[in-house]
Amino acid sequence: MIDSGSFWTLFDYVDRRGRNAIKEWSRELEKKPLAKLHRKLEILESTGPDLAPGLLKGTRQRHVDKIKIEGRVSFALLVCRGPISMQEEMTLLLGAQESDRQLPPGTEDAAESRRIEVSESPIERRTLHEHVSWPSNERTTG
Amino acid sequence: MNMYRGRLMKELQDEDYRYAYDEEFANSRMATQIKVIREQRNGMTQAQLAGKADMRQSRISALENVDYSAWSISTLRRLAQALGVRLTFKFESWGDLLSEVESFNREALQVPDFENDPAFNEAEVAIAAFPELGAFKEHKSARDFVQVMAKLEEREHGLASS
């Protein structure tokens, strides 16, 4: 089965200036939300999007889902399948802080725009996911 | 699969980090395991599980969500009985977390119900009663099973006539 033991490759969105937007966002997270994000990304990477129920929650954008990070302050990481290889890749598009359990206006549309960018220029617009360790001044790839 | 062990060994050194990580791990594992065991029961639906556990389907749906965190032991006990498994709760060492992280997959989360528990199937019960039959334990063919049962029957007759 797809969700059992097969590894998915995670990518981070890279903006037009060549910056890894997910790494930049993750570096700003406090310790606890970062720990929770790490675990959810491990599940996504090690089992894919279909085993753990509710790991990916739908958004107004059909091709964009979000991973929730619950806590005193809640965050969401917007992601998409593929968009190149739909059965073995996920791309992390945009991180945001929620307010009253709602994403800031325009966040889902912005994520969809990024998904299209990645779809059109995967080499330039994404890179292999970079794990931002705690403490966040140390980083490793993968 | 030990791709996370190295970095976890380092990041779990921080107390706040490790408790937050473990909270996420425990919540997502429980939600996933309920779903996995339910599907293991011949594709039992959420509504069917809800009926067996005397809950609403919407409640099962809420529990089968990695972001659910308000677990109660009484609810888990009801689910355990509805799924035919036992609920265990105990304190664990942090070292156990490492191996549990590495074995997070569908197969590892599945649990047989009592009727399908290998420890309680007929051959195992026979072997437990008559340990000398243990030599047959590794043989899976029907022929070997027949031999086990024949030996068991022979032994029972011997006991009855003595």
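1. Helices (H or I, at least four residues) and strands (E, at least two) are DSSP runs, numbered from the N terminus. Gln97(A) sits in one of these, strand E5 of chain A. This is a predicted model, in which local features need pLDDT of at least 70, side-chain atom pairs count only at pLDDT 80 or more, and totals for chains, interfaces and linings use all residues. Residues are numbered from 1 along each chain as its sequence is written, while chains are lettered from A and ligands numbered from 1 in the order in which they are written.

2. Stay with Gln97(A). A residue is buried if 20 or more other C-beta atoms lie within 10 Å of its own, exposed if 12 or fewer, and partly exposed in between, with C-beta atoms placed from the backbone. Gln97(A) has 16 such neighbours inside 10 Å, so Gln97(A) counts as partly exposed. Contact means that two C-beta atoms, placed from the backbone, lie within 7 Å. Leaving out residues up to four places away in sequence, Gln97(A) touches Val73(A) and Phe75(A). Leu55(A) is 42 residues from Gln97(A) in sequence and 17 Å away in space, C-alpha to C-alpha.

3. Gly82(A) and Pro83(A) are joined by a cis peptide bond, with omega about 5°. Pro83(A) lies in the loop between strand E4 (75-81) and strand E5 (89-97) of chain A. Asp100(A) is not a glycine, yet its phi is positive, near 50°. Asp100(A) belongs to the loop between E5 and helix H3 (107-120) of chain A. Asp100(A) counts as exposed because it has 5 C-beta neighbours inside 10 Å. Asn42(B) also has a positive phi, near 55°. Its loop runs between helix H2 (15-40) and helix H3 (46-53) of chain B. With 7 C-beta neighbours inside 10 Å, Asn42(B) counts as exposed.

4. Next, the core. A nonpolar core is a set of buried Ala, Val, Leu, Ile, Met, Phe, Trp, Tyr and Cys residues joined through C-beta atoms within 7 Å. The largest one has 53 residues, of which Leu77(A), Leu78(A), Val79(A), Leu92(A) and Leu93(A) touch the most other members. H2(B) supplies the largest share of this core, eight residues. Beyond four places in sequence, the contacts of Leu92(A) include Leu10(A), Phe11(A), Ile22(A), Leu77(A), Val79(A) and His129(A).

5. Then the interface. Here 26 residues of chain A are in contact with 22 residues of chain B. On the chain A side, helix H2 (residues 31-47) gives the most, with 11 residues. Ala, Val, Leu, Ile, Met, Phe, Trp, Tyr, Cys and Pro count as nonpolar, Asp, Glu, Lys and Arg as charged, and the others, Gly among them, as polar. By these classes, the side of chain A that touches chain B has eight nonpolar, nine polar and nine charged residues.

6. How do H2(A) and H2(B) cross? Their axes, lines fitted to C-alpha atoms over the stretch in contact, with angles from 0 to 180 degrees between N-to-C directions, come within 8 Å and cross at roughly 40°. Among the residues that meet are Lys31(A), Lys36(A) and Arg39(A) in H2(A) and Asp16(B), Tyr17(B) and Glu24(B) in H2(B). The residues of this contact divide into six nonpolar, two polar and seven charged.

7. Last, a pair within chain B. H3(B) and helix H5 (residues 73-83) of chain B pack at an angle of about 110°, with axes 8 Å apart. Leu49(B), Lys52(B) and Ala53(B) of H3(B) make the contact with Arg78(B), Leu79(B) and Ala82(B) of H5(B).
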